[in-house]
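Visitor: Please take me through one part of this model in close detail. I would like the helix packing first, then the side-chain contacts, with the cut-offs stated.

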Amino acid sequence: MSVLMSIRSELTHIVEALKAVTNVDIIIVDEKLDRIVSTVGKKFASGNKAPLFSAFHNCIITGEQYFIEDPKDDKICRNCASKEICRELVEFCIPVRFNNEIIGVLGMCAYDELAKKNLLTNKESYMNFESQLSRIISTILSEKNITRKLEYRSSELITLINSINEGIIIINNNKEIITINNYIKEKLNVKTNTMPDITELLTEKAYKKLASLHFNDQVGPVTLEGMEFVINANPIVIKGEQEGIVFVLSDFDKMKESVLEENRKKDLVTFEEIVGESEAILQARREAIQVAQMDAAVLIMGETGTGKEVFARAIHSASRRKDDVFMAVNCGAIPENLIESELFGYEKGSFTGANSSGKAGKFEICKDGTLFLDEIGDLPFLMQVKLNRALEEKEIVRVGGNSPIKVNPRIISATHRNLNSLAEKNLFREDLYYRLNVVPIHLPALRDRGYDVIILARFFLNRFSKAYSKDLAGFTPESEKILMKHNFPGNIRELRNLIEYAVIFEEDSIIGAHNLRKKIGKEKETENLKLSDLTKSYEKSIITNRIRSLGDSVDSKKEAARQLGISIATLYRKLES
């Protein structure tokens, strides 16, 4: 469609007005000679083409005005295809310009003596009409273009807000809803023909709260039609004046799920991240993989720093509950008077300092997920009774509450203590111990994993080199020797911190012994020790580790001696040597 055709209705008004004033017929053609508007009879009506090589045609080609007093004899009309049937007595052609291009021709034609006299009498005035005509048409086209752009932008905006998976409501300063997207119409059952008041739609309380915040903040969650929304308001400001408000309604459940999903990604640990080749760690890994898909309770045992939580997270990630919450609770780090409310939650006003609206406990939050009870051996005895009941009945009651809440988390617990020994001494409930210890997994101390020390050291070196943007190739033979000789009482956690320290302070391209020695202290010299001395030292470390895992009581030491195949007297003697 030509440019002039797009403003045909506007041009019709112009030519009709000119015809009424001048009594002269007017025809406007576009650059293809198509008649856009015409005041002449049916033969010259719009939709028909002007003749080739006519004055109209020449005007388009040359861009010049033509005032032709005798069309049949004028050289401009010599080759006109309609010369023989032409009835025009006088013809005046004006090129129509827009953006410096000729987009058509306006022709003023006289078909009778009165019109001829009018044209000839006002020849100069009509010849000066071109610039005014172009300006009028240019203005019409510009306004048309602006209107079209506004219509497009409006349509684009409506399409955009209807494609957003959140509620959008726009109101003016009179609180009238001027735009509401399909999402919120559907969620709140809004009928367009009976648009509710904004205070009814959002609740008057929520609206007043946003008003107190100058419509530049959020409130929520607000319950609307059984759904919870967080409502965010932003004023529409034009030249410093507020002209309306945009409300964005976000599904609160989806927001919570998004946070949980982000936490799941952040906490995701797989069995691939359990590094090592020693038989002890491979056995623990095999057992964990085998039990992961089952809901059986797992008890992970091992010294502090051996990776008990890493194993627990890997089990969760490989389980059927992997898309639900994993929550870790350190039973030894929570004050005894708060541990029940942490695990089971509390109702509002249950105790001084309690949240005014109450609080869900860990069991409730991950009721269908995995609850990791770390350092379960440090759980107070009275709390052990309540925990055992919760696991048995699969329901809890909040502190200060009366209503039971159904929960069914998978329980993975961990300890560095000998729960069996504690249970025998009535320091840990025997029934809880057996409930937790369905599948025991023993994690070896790092000093018992041999070359795994170097494998793990290289793993941490790669991780921290990337984190601190350092290009470190590995360890010197001397530094590896130091790592192999060190006892690592803090196990993997100590090794990880040691490697991070070395990466931070290493100035060469390879980790040397200097930074390792600075962190762990000078190792005891063993090169000059006799075999008997080395044997005594090794035996003492084995006995010490066994006692550490079983407990320091006399009964525990007797058990350690029995397991090692020596008498209790020999055990004491080797400890004192």
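**Helix crossing and ring contacts**

Guide: The axes of helix H17 (residues 452-467) and helix H18 (residues 477-485) cross at roughly 120 degrees and come within 9 Å. Axes are lines fitted to C-alpha atoms, for helices over the stretch in contact, and angles run from 0 to 180 degrees between N-to-C directions. Helices (H or I, at least four residues) and strands (E, at least two) are DSSP runs, numbered from the N terminus. This is a predicted model: local features need pLDDT of at least 70, side-chain atom pairs count only at pLDDT 80 or more, and totals for chains, interfaces and linings use all residues. Residues are numbered from 1 along each chain as its sequence is written, and side-chain values use heavy atoms, with hydrogens and water left out.

H17 and H18 are therefore oblique to each other. Angles under 35 degrees count as roughly parallel, over 145 as roughly antiparallel, 65 to 115 as roughly perpendicular and the rest as oblique. The crossing of H17 and H18 is right-handed: the near helix is turned clockwise from the far one by less than a right angle.

Now the rings. Phe459, Phe460, Phe464 and Tyr468 make up one aromatic cluster. Rings of Phe, Tyr and Trp (its six-membered ring) pair if their centres lie within 6.5 Å; planes under 30 degrees apart are stacked, over 60 edge-to-face, the rest tilted. The count by this rule is 11 aromatic pairs. One of them joins Tyr207 and Phe215, tilted, at 5.3 Å centre to centre with 55 degrees between the planes. Tyr207 and Phe215 are both buried (under 20% relative accessible area; exposed is over 50%, partly exposed in between, with a 1.4 Å probe and protein chains only).

Tyr501 and Phe505 form another tilted pair, 4.8 Å centre to centre and 45 degrees between the planes. They are separated by about one helical turn, because they stand 4 residues apart in helix H19 (residues 491-505). Phe505 is partly exposed, at 44% relative accessibility. Lys518 lies over the face of Phe505, 5.5 Å from the ring centre. The rule here asks for NZ of Lys or CZ of Arg within 6 Å of the ring centre and within 35 degrees of the ring normal.

Last, a loop residue. Thr306 sits between strand S11 (298-301) and helix H11 (308-317). Thr306 is buried, with a relative accessible area of 2%. Its side chain reaches the backbone oxygen of Glu303 at 2.7 Å.

How values were computed:
A polar contact is a pair of N or O atoms within 3.5 Å; within protein, one must be able to donate a hydrogen and the other to accept it, and residues adjacent in sequence count only if both atoms are side-chain atoms.
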